[in-house]
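Hello,

Please open it first, and then read my notes beside it.

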Amino acid sequence: MSAQVRDCDICIVGNGAVGKAAALGFAQAGLRVNLLCAPGSGVPAVVPNLAPGSTADWDVRVYALNHVAHDLLSSLKVWDALDQARVAPVSAMQVQGGGIDAGRLGFDAYGAHVNELAWIIEDKNLNQALDTALRFAQNLTLVQGRAQALVVQPDAAQIVLDDGSSIRASLIIGADGAQSWVRGACDIGLDYRSYHQQGVVSNFECTKPHHGVAHQWFVQEHGIIALLPLPGNRVSLVWSAPDALAETLLREPLSALVERLMPYCGEVLGALQPVLPEAIKAFPLRLMRPHSMIAPRVALVGDAAHAVHPLAGHGMNLGFADVVDLLKVIKEKEAHRDCGDARLLGRYQRARKEEVMLMLATTDGLARLFASDLTPLRTIRDLGLNLLDRLPVIKNKLIAHAMGK
C-alpha cells in the first residue's frame with residue numbers, strides 16, 4: 001500500500017501567529033493550503049474563553065502591533081475577533097536615557113495624524129482569534145506531523161512526514177521560527193550573533209494612569225527597560241537585560257524587581273504592584289540574518305527569515321509584513337506561473353529586502369550604541385535624542401516607518 005500524498009497549492013510549516021495568518025490569507029485567496037503543525041500543537045478544538053472584560057490571567061508575552069499588522073488582521077477578519085477589552089492602544093511613546101540629564105525623545109499619535117501609534121496585544125488573545133478563524137476557514141487543511149525530508153522537484157516540492165505520508169505543494173512557506181527546520185533543509189546560511197541578553201517580561205498594576213503612553217529607558221550596562229500600556233492601570237514590562245542580570249531578576253521576588261524599576265518609572269506611573277498571579281518569564285535575544293529568504297519553491301517568513309532586537313518591538317510586525325508582501329506577489333502573479341515560480345519568489349525577496357535590512361541594521365546599531373558605557377558616545381547619543389526631538393519632519397518620518405506606512 002503506497003503512502004498517502006496530500007496535494008495542495010501551498011504548504012505552511014509552523015503554526016505560530018505569522019504562520020496562521022499566512023494560512024488564512026492564502027486560503028481566503030482561494031488557494032488550497034495545508035498547515036503543518038507538530039503533533040499536539042495544532043488548532044485546539046475548544047479555545048479558552050477570553051470574553052470581553054474577562055479577568056483571566058494576563059499573558060506576560062505581548063506584542064506591539066503596528067498599522068501593517070492591524071490592516072492584515074482586519075482583512076483576514078481576525079482583528080474584530082480579538083477580545084478588544086484586552087487590547088491597549090498606544091497613543092504616545094517616550095524614550096530616554098537612564099540618567100536625570102539623559103536625552104529624551106517623544107512620539108505621539110496626534111503628531112503622526114493617526115488615532116493610535118500601535119496596539120499592545122497579549123499572545124494568547126492574538127492566537128485565540130487566529131485559531132477561531134482557522135477552524136472555519138475553507139480551502140485549509142490542518143496536518144499534524146513532523147517533517148523528515150524536503151524534496152524539491154521542477155514542478156513541486158514535497159515534505160515527507162515521520163509517518164511516511166507526504167505533502168506535495170507548489171510552494172513551501174517556512175514559518176517555523178528562529179530554529180527553522182525548513183531553512184535548514186534548504187541549506188540556507190545564517191549570520192547569527194547573541195546579544196548576551198534576555199527579554200525579561202512581567203505585568204504590573206500602576207497607581208498612576210499611563211494614558212496609553214509607552215515608556216522606554218536606555219540604561220547602559222543594565223540594558224533597555226520598556227513599560228508598555230495594557231488595559232486599565234496595567235503595564236507590561238519588557239526588560240532587555242544582560243544575561244547575568246536577567247538570571248538575577250528571574251531568581252528574585254517580583255517585589256525586588258519593582259524596587260529596581262521605581263527610579264525610572266515612579267514619577268510617571270507611580271507605585272507598581274505585580275499582577276496576580278505573579279509571573280515572570282525570559283527569552284534569549286539574538287540577531288539572525290539568513291543569507292536568503294527564498295530557495296527553490298520555498299519562502300521564509302517571520303522569525304525563520306529574520307530575528308531582530310526587541311527594542312523597537314517590531315519582530316512580529318516584520319513577520320506580518322512578510323505575509324502581506326508574499327500574498328501580494330502571489331495574488332498578482334501571471335496566469336502561467338504557479339505559486340512557487342522562481343520569478344515570483346525573487347519578487348518577494350526584493351520586496352522585503354530594504355525593510356528587513358533597515359530594521360536589522362537600525363535595531364542592532366541602537367542596541368550597540370546604547371549598550372556602550374563610553375562617555376563620548378553617551379554624550380553624542382543624548383544630544384542626538386534631544387536634537388531629533390526638535391526636528392518634527394524627521395521624527396514624523398521615523399513614526400511613519402515604525403507604523404509601516
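I will begin with one cysteine: Cys8 is buried, with a relative accessible area of 5%. Please keep in mind throughout that this is a predicted model.

Is Cys206 buried or exposed? Cys206 is buried as well, at a relative accessible area of 4%. A disulfide is a covalent bond between the sulfur atoms of two cysteines. How many disulfides does the model hold? The count is 0. Cys8 takes part in none, and the nearest cysteine sulfur, belonging to Cys11, is 5.4 Å away. A disulfide calls for two cysteine sulfur atoms within 2.5 Å. For Cys206, the closest cysteine sulfur is in Cys265 at 8.3 Å, which is too far for a bond.

Here is the overall picture. The protein has 405 residues, and 53% of them are buried. Its secondary structure consists of 10 helices and 19 strands. Among contacts with a separation of 6 or more, 74% are between residues 24 or more positions apart. The protein exposes about 18100 Å², with 55% of that supplied by carbon and sulfur atoms.

Strands of a sheet pair through backbone hydrogen bonds, either parallel or antiparallel. Strand 3 pairs with strand 7 (residues 118-122) in the antiparallel sense, over 4 bridges.

Last, a stop in a loop. Ala38 sits between strand 2 (33-37) and strand 3, and counts as partly exposed at 29% relative accessibility. Which residues does Ala38 touch, leaving out those up to four places away in sequence? They are Gln144, Gly145 and Arg146. Ala38 and Gln144 are 106 residues apart along the chain, yet their C-alpha atoms are separated by 5.5 Å.

Enjoy looking around, and write back with any questions.

Best wishes

Definitions and conventions
Residues are numbered from 1 along each chain as its sequence is written. This is a predicted model: local features need pLDDT of at least 70, side-chain atom pairs count only at pLDDT 80 or more; totals for chains, interfaces and linings use all residues. Side-chain values use heavy atoms; hydrogens and water are left out. Buried means under 20% relative accessible area, exposed over 50%, partly exposed in between (1.4 Å probe, protein chains only). Two strands pair if DSSP finds at least two bridges between them. Helices (H or I, at least four residues) and strands (E, at least two) are DSSP runs, numbered from the N terminus. Contact means heavy atoms within 4.5 Å. Accessible areas come from the Shrake-Rupley method with a 1.4 Å probe; for residues, only the protein chains shown count as cover.
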